[in-house]
Amino acid sequence: MTHTYNVTGMTCEGCKAKVTRLLTSVSGVKQVNIDLSKGEVAIEMEKHISTPQLAEALKEYPKYKISDSPHQMKEKSIIQEDEKSWLATYKPLLTVFAFITLVSLLTSFHDGRILGMQWMGNFMAGFFLVFSFFKMLDLKGFADSYAMYDIVAKKIKVYGLLYPFIELALGIAYLINFNAIITNWATIVVMGVSIIGVAQSVLNKKKIRCACLGAVFNLPMSTVTIVEDLLMIVMAIIMLVVL
């Protein structure tokens, strides 16, 4: 495995050679490559070595300071998420789903029974409204995360900024019972396109953040996201069939 770090205090080729020698002496380090202009060091290691251990190797020369690069910090964040239990990792998403389900069931309860079609419409309205809200809390952060896997957002950056507003429009459409054919077909298309990028990331086992709840929660991409998108597509198809 290879990890990249920032190293400050290096000013010349002599510094580069010294830091290389010191870091190479750490047990488990196989190779050290330093980019002096960027102040970065790529370390190939047999197993994970903590940053404090690497810093210890440089302690004789206090001017050299090693720290995690932004990319390395993101990798650590993903590793920490992986180490959590499934329930702990997806607690925010499950809580949101439970909340939407409960409210939509209560608003669909009439004369002692739950109206199925009304429940689906209410659920979809709640889903799009709540999920768009979380995305709008940090539009740029969401757009950056979304562009990492969505097939449209990768090519058209502005789509990532517009997507939360598309979800908002769909939520309002379901809430006010706007033209069911247009609304459900729009949902099928939007969620269908979205699920392609999600499925590709999951199949390729990419360790990236899922942007379903925006940049507020650090949720890893997984089959849970596929189920979430697929559920909306299935509901939209059912609502079209029974029209």
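Helices H7 and H8 are roughly perpendicular to each other, a label given to angles of 65 to 115 degrees, while angles under 35 count as roughly parallel, over 145 as roughly antiparallel and the rest as oblique. Their axes come within 8 Å and cross at roughly 115 degrees. Axes here are lines fitted to C-alpha atoms, for helices over the stretch in contact, and angles run from 0 to 180 degrees between N-to-C directions. Helices themselves are DSSP runs (H or I, at least four residues), numbered from the N terminus.

This is a predicted model, in which local features need pLDDT of at least 70 and side-chain atom pairs count only at pLDDT 80 or more, while totals for chains, interfaces and linings use all residues. Residues are numbered from 1 along each chain as its sequence is written, and side-chain values use heavy atoms, with hydrogens and water left out.

On the H7 side, the contact (heavy atoms within 4.5 Å) is made by Leu 139, Lys 140, Phe 142, Ala 143 and Tyr 146. H8 contributes residues including Tyr 159, Tyr 163 and Phe 165. By class, this contact of H7 with H8 has 9 nonpolar, 1 polar and 1 charged residues. Ala, Val, Leu, Ile, Met, Phe, Trp, Tyr, Cys and Pro count as nonpolar, Asp, Glu, Lys and Arg as charged, and the others, Gly among them, as polar.

Next comes helix H10 (residues 223–241), whose axis comes within 9 Å of that of H9 (residues 180–203), crossing at roughly 160 degrees. That makes H9 roughly antiparallel to H10. The crossing is left-handed, and the contact has 17 nonpolar, 6 polar and 1 charged residues.

H10 also packs against H6, at about 140 degrees and with the axes 11 Å apart. H6 and H10 are therefore oblique to each other. Among the residues in contact are Phe 123 and Phe 127 of H6 and Glu 228 and Met 232 of H10.

What space is left inside? The count comes to 1 cavity of 30 Å³ or more, a cavity being a set of points on a 1 Å grid over the protein atoms alone where a 1.4 Å probe fits but cannot get out. About 110 Å³ of space lies in the largest cavity. Its lining has 17 residues, and Tyr 163, Ser 194, Cys 212, Glu 228 and Asp 229 lie nearest its centre. H6, H7, H8, H9 and H10 each give two or more residues to this lining.

Technical notes:
Left-handed = near helix turned anticlockwise from the far one by under 90°. 1 Å grid on protein atoms, 1.4 Å probe; cavity = no way out; pocket = protein on both sides within 12 Å on 5 of 7 lines; lining within 4 Å. Points joined across faces, edges and corners; volume = space filled by probe spheres on them.
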